[in-house]
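Reader: Could you walk me through how to read the fold and the enclosed spaces of a model like this one?

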Amino acid sequence: MSKENLSPAEVDPIELPENAFRELAADEEYRPLMHPARDYAEVTPYSVGMGLLLAVVFSAAAAYLGLKVGQVFEAAIPIAIIAVGLSGALGKKNALGQNVIIQSIGACSGVIVAGAIFTLPALYILQASYPDITVSFLEVFMSSLLGGVLGILFFIPFRKYFVKDMHGKYPFPEATATTQVLASGNATGPKAGAQAKLLVVAALIGGIYDYIVATFGWWAETVTTTAYSWGQTLADKTKFVLSCNTGAAVLGLGYIVGLKYAFVIFAGSIFVWWVIVPLFGAYAAGGAEMSPDAIFRDYARLMGIGGIAMAGIIGIIKSWGIIAQAVGLASRELRGAASGTKAVRWQTDISMKHIAYFIFIALVAVLLFFWFGVIHTFWQALVAWIVVTIIAFLFTTVAANAIAIVGSNPVSGMTLMTLIIASGIFVAIGLNGTSGIVAAMVIGGVVCTALSMAGGFVTDLKVGYWLGSTPRKQESWKFLGTLVSAATVGGVILMLNSVYGFTGENGLAAPQANAMAKVIEPMMMGGATPWTLYIVGAILAVILNWLGVPALAFCLGMFLPLHLNTPMLVGGLVSWAVNRSTKDPELRRARNDRGTLISSGMIAGGALFGVFSAITIMCGKELPEGGGEFTPQVLGLVAYAAIIAYLYFNSVRARKD
């Protein structure tokens with residue numbers, strides 16, 4: 001029977017295959033939900049229009065919340081939930097392909113927001129001290145747009161390696177949750193209905209749980225020893241702290257990441273908090289008077305930045321064959337020597353010849369933007385352009401690798417290292433002072449957005465791979481989503497600065513941008529730079545790699561706060577316990593799959609209700625105040641134990657088919 005005569009029921013399974021999340025055997029192939037040989041409705045006026053609308057809405061919400069509290073919620077999952085809900089409400093049949101496009105376009109919002117708000121508000125912050133610093137909408141918009149475009153173009157040649165060749169070797173936590181959501185909207189039948197119900201219930205439990213604590217503070221969002229008098233005394237004398245975020249979404253993230261990577265991340269975190277921070281407190285000048293948080297922020301975390309940078313360089317060296325292969329493929333296509341074999345729809349990218357042309361055009365646009373819009377001296381603009389091109393291209397694989405492993409992109413750490421390198425070069429060629437600050441921050445915005453986009457795009461394309469979308473269509477329409485998101489973010493940042501500002505008691509916190517400003521100002525204005533701490537972190541990454549420890553995961557733990565790394569370990573331990581709850585291989589797989597589905601629901605609910613929390617805060621609800629020695633902390637422990645118990649005991653309820 002020809003593929004044209006096959007009915008959807010004959011070719012399309014109703015749930016993800018058993019081998020969706022594990023490594024494939026040598027002679028085994030993965031078969032997605034949408035049949036590779038059939039065409040589906042993907043790019044339609046409905047899917048494009050809805051994707052762009054959600055990109056605008058989520059760009060505005062994510063920018064506000066990110067600048068207020070320093071956390072950018074992941075837009076991909078709530079957008080996937082909305083897409084599934086709308087297609088069901090509108091009675092659309094076979095809407096899976098369209099929902100993937102909606103999610104892919106709409107998800108531009110989160111990655112563009114992260115790239116912009118981590119860097120560009122620093123110009124407004126420094127403007128208070130240096131009034132001659134000016135910021136325009138065009139600078140913010142072009143920095144975000146060009147960075148996003150470069151991130152898309154630089155990642156496409158690596159799509160096949162990350163999403164196909166590495167199938168089952170990376171956990172892809174965010175992509176897993178997003179895929180489960182989209183697949184639930186496509187499923188039919190009693191079993192599929194039960195899975196969809198389980199996902200919805202888990203999302204409601206996790207979402208409402210996170211919404212209550214984030215918005216109203218009924219219990220402590222972070223349980224910590226410093227909330228008690230004995231813990232504060234211990235922290236003052238020894239700088240020892242233990243803390244854990246009690247959120248359901250982070251717990252689910254740890255479950256999907258698994259114990260191996262979660263333990264490495266946690267090990268990096270406790271190395272900083274239980275070894276480096278106490279040593280600084282005991283022996284560094286003035287360390288005894290500093291709080292553990294201040295030591296971490298001003299000193300220990302800088303070692304993590306150096307470690308992330310070196311781990312990235314090591315990753316680039318190890319991936320050099322992949323990079324050379326991608327460049328070689330583009331070169332062969334440019335010479336007209338591409339293979340005559342026609343790829344199936346499911347594995348077709350934008351042609352490498354077109355990618356090479358688009359990269360050339362984008363890089364010329366970046367150079368012109370630097371020359372006419374930022375620096376105004378050609379040879380200095382050329383140096384800045386070279387720095388951006390090399391770092392953005394090489395660190396594309398690092399950003400994608402981080403997202404594939406832990407679901408968190410260390411983009412702020414890599415961007416900070418980029419700013420340090422770029423600023424050192426700029427000072428050497430005479431570009432310093434306030435003009436150097438503006439150049440460094442705008443250029444940092446381009447790199448930050450490029451790396452953020454590369455990390456986010458690997459999630460979109462992995463989702464498409466699991467479900468069977470056409471990569472070329474996802475790649476093509478990603479540019480339009482980037483354009484709309486960049487314009488929205490540029491306007492929102494200017495508006496928020498006008499209404500709130502990023503300095504003073506009533507200003508938005510903008511923590512990452514404040515950190516960038518703190519690092520760049522002394523370099524450009526003649527102050528000291530903590531090179532020793534960066535170098536120590538870099539040496540540590542080399543030693544870890546030599547010992548066979550995943551250096552990037554360890555250094556991510558050094559960079560990220562302890563209270564976010566601890567629940568990753570807790571989730572990993574729950575995953576380990578579920579997998580050890582039976583010796584029957586089939587039952588073990590069923591229980592782990594059920595746990596993955598529940599965790600995906602918790603992540604999805606946390607992300608979606610995070611949007612509701614942002615809306616509530618935007619409508620005037622004050623953020624809950626932390627603190628309190630007994631009741632909030634005890635309630636936090638009780639609530640956290642309850643959500644852990646829900647995840648474990650509901651997971652082990654699974655039965656063999």
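Author: The protein chain comes to 27 helices and 2 strands, where helices (H or I, at least four residues) and strands (E, at least two) are DSSP runs numbered from the N terminus. This is a predicted model: local features need pLDDT of at least 70, side-chain atom pairs count only at pLDDT 80 or more, and totals for chains, interfaces and linings use all residues. Residues are numbered from 1 along each chain as its sequence is written, and side-chain values use heavy atoms, with hydrogens and water left out.

Reader: What share of the residues of the protein chain counts as buried?

Author: Buried means under 20% relative accessible area (1.4 Å probe, protein chains only). Here that applies to 58% of the 657 residues.

Reader: How many cavities of 30 Å³ or more are there?

Author: A cavity is a set of points on a 1 Å grid over the protein atoms alone where a 1.4 Å probe fits but cannot get out; lining residues have an atom within 4 Å of a point. A volume is the space filled by probe spheres set on the points, which are joined across faces, edges and corners. The count in this model is 2 cavities of 30 Å³ or more, and the largest cavity has a volume of about 90 Å³.

Reader: Which residues lie nearest the centre of the largest cavity?

Author: Ala76, Ala107, Val111, Glu174 and Gly456 do, out of 12 lining residues. Helix 5 (108–117) and helix 20 (433–467) are the elements giving two or more residues to this lining, with helix 20 supplying the largest share, 3 residues.

How values were computed
On a 1 Å grid over the protein atoms alone, a cavity is a set of points where a 1.4 Å probe fits but cannot get out, and a pocket is an open set with protein on both sides within 12 Å along at least five of seven lines; lining residues have an atom within 4 Å of a point. Buried means under 20% relative accessible area, exposed over 50%, partly exposed in between (1.4 Å probe, protein chains only).
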